[in-house]
Amino acid sequence: MRDFRGEALSWNAKDGAIELVLDRAPCNEIGSATLAELENFTVALETLQRDCHALIISSPRSEGFCAGADLRELYHRSQALPSAERVAGVRDFVERIHRVGNAIDAAPLTTIAAVHGVTFGGGFELALLCDLIVADKMTRFCFPELRLGLIPSFGGIPRLKRDVGNGIVRDLLLTGRSINATKAQAIGLVSQVTGEGDALRVARATAAQVTKFDRDTAIAAKKFIKPIPYAELEQEVDVFCELFTRPTVEAGLRKFVESTDALPYLP
Amino acid sequence: MPTLQNTTEEVLRLASEHFKIPVEKLNPHDDFFKTLGINSLQALDLLTRIEQHFRIELPDYELKGVSDFRTLAERIQSRL
């Protein structure tokens, strides 16, 4: 399927570049609807990647690229299950998102995340799947999961460690602080910082550049320079599921769900 | 190094520009969440503007409990 428009996202392929656009109010929170469409995307990707060179992931939402997992859905779904089944339910969700993430991470394309505004938690992890991150100057990156008694679970820890190093993982994870695009570029996370509203344009220009290179060479180069940390990714799922059983998490999620603020876990 | 007074004035100017509110309507001791009518998401945008303008890093946890411009300016001052 070269073109698709769903509830939470859409994609199309044109001139050698695939554009995956997240567009679900309020800020692309990733729940079951988004996951199902991302799974459909990875199936379509197997065909699309045969004649494309690049993939761009972006969002037109004014609030930002993606605020992470849909914690409200996570809380309500968990509450609807007997406590013995909750971990199995969350593990299934996380393992499915890992399969999506691994497919995008390893895709034989040059992948670019064009981000702006809130790029938090699972949204940050989605950007980390990509080979390059192009960030609007108003972007903020954050792993707020420890505030809820959890760790990131969409593959963010091993991928941030792979791309930037363990020091920055410790800083962002253990403090829960957010950093801006300039800082993210200084530590090597972001490849280009753009003016406000320009990230997608710059990502498209970058995609046009990479389509000039021999595809097989680009694939060989990517395979060589971007190993997938499978063992650590599996460990991350285990640690997350172990933490999820604790009462602290239920209390943290309830507090989040009952809050009316746009970002209840900040500052 | 700018004085606390200078920094406060700059913060008021940045908030005025970003949220399109006349600077005369902003007071250093105002609760900026109330005066600007903003939520934590919009406050984060203001933090990004501040970090860019003053070329500093201001971890958001240092702003916990800070809701007036003057105290915000003090936090900035400590990073200059």
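At what angle do helix α5 (residues 156–163) of chain A and helix α10 (residues 230–244) of chain A pack, and how far apart are their axes? Before selecting them, note that this is a predicted model, in which local features need pLDDT of at least 70 and side-chain atom pairs count only at pLDDT 80 or more, while totals for chains, interfaces and linings use all residues. Residues are numbered from 1 along each chain as its sequence is written, chains are lettered from A and ligands numbered from 1 in the order in which they are written, and side-chain values use heavy atoms, with hydrogens and water left out.

**The helix pair**

Select α5 and α10 of chain A: these helices pack at an angle of about 145°, and their axes are 8 Å apart. Helices here are DSSP runs of H or I with at least four residues, strands are runs of E with at least two, and both are numbered from the N terminus; axes are lines fitted to C-alpha atoms, for helices over the stretch in contact, with angles running from 0 to 180 degrees between N-to-C directions. On the α5 side, show A:Gly156, A:Ile157, A:Pro158, A:Arg159 and A:Lys161, which make the contact with A:Glu232, A:Leu233 and A:Glu236 of α10 (contact means heavy atoms within 4.5 Å). By class, the residues of this contact divide into three nonpolar, one polar and four charged, where Ala, Val, Leu, Ile, Met, Phe, Trp, Tyr, Cys and Pro count as nonpolar, Asp, Glu, Lys and Arg as charged, and the others, Gly among them, as polar.

**The second largest pocket**

Next, select A:Cys130, A:Asp131, A:Leu132, A:Ile225 and A:Lys226, which are the closest to the centre of the second largest pocket among the 26 residues that line it. The volume of this pocket is about 460 Å³. A pocket is an open set of points on a 1 Å grid over the protein atoms alone, where a 1.4 Å probe fits, with protein on both sides within 12 Å along at least five of seven lines, and its lining residues have an atom within 4 Å of a point; grid points are joined across faces, edges and corners, and the volume is the space filled by probe spheres set on the points. The lining has 16 nonpolar, four polar and six charged residues.

**Aromatic pairs**

Over all chains, the whole structure holds eight aromatic pairs. In one of them, A:Phe93 and A:Phe154, the ring centres are 6.3 Å apart and the planes stand at 45°, so the pair is tilted (rings of Phe, Tyr and Trp, the last by its six-membered ring, pair if their centres lie within 6.5 Å, and planes under 30 degrees apart count as stacked, over 60 as edge-to-face and the rest as tilted). Because A:Phe93 lies in helix α3 (residues 83–106) and A:Phe154 in the loop between β8 (140–142) and α5 of chain A, the pair ties together parts that are 61 residues apart in sequence. A:Phe93 is buried, at a relative accessible area of 17%, and A:Phe154 is buried at 9%; buried means under 20%, exposed over 50% and partly exposed in between, with a 1.4 Å probe and protein chains only.

**The loop at A:Gly117**

Finally, select A:Gly117, in the loop between β5 (110–115) and β6 (118–120) of chain A, which is buried with a relative accessible area of 13%. Leaving out residues up to four places away in sequence, A:Gly117 touches A:Glu63, A:Gly64, A:Met138, A:Thr139 and A:Arg140.
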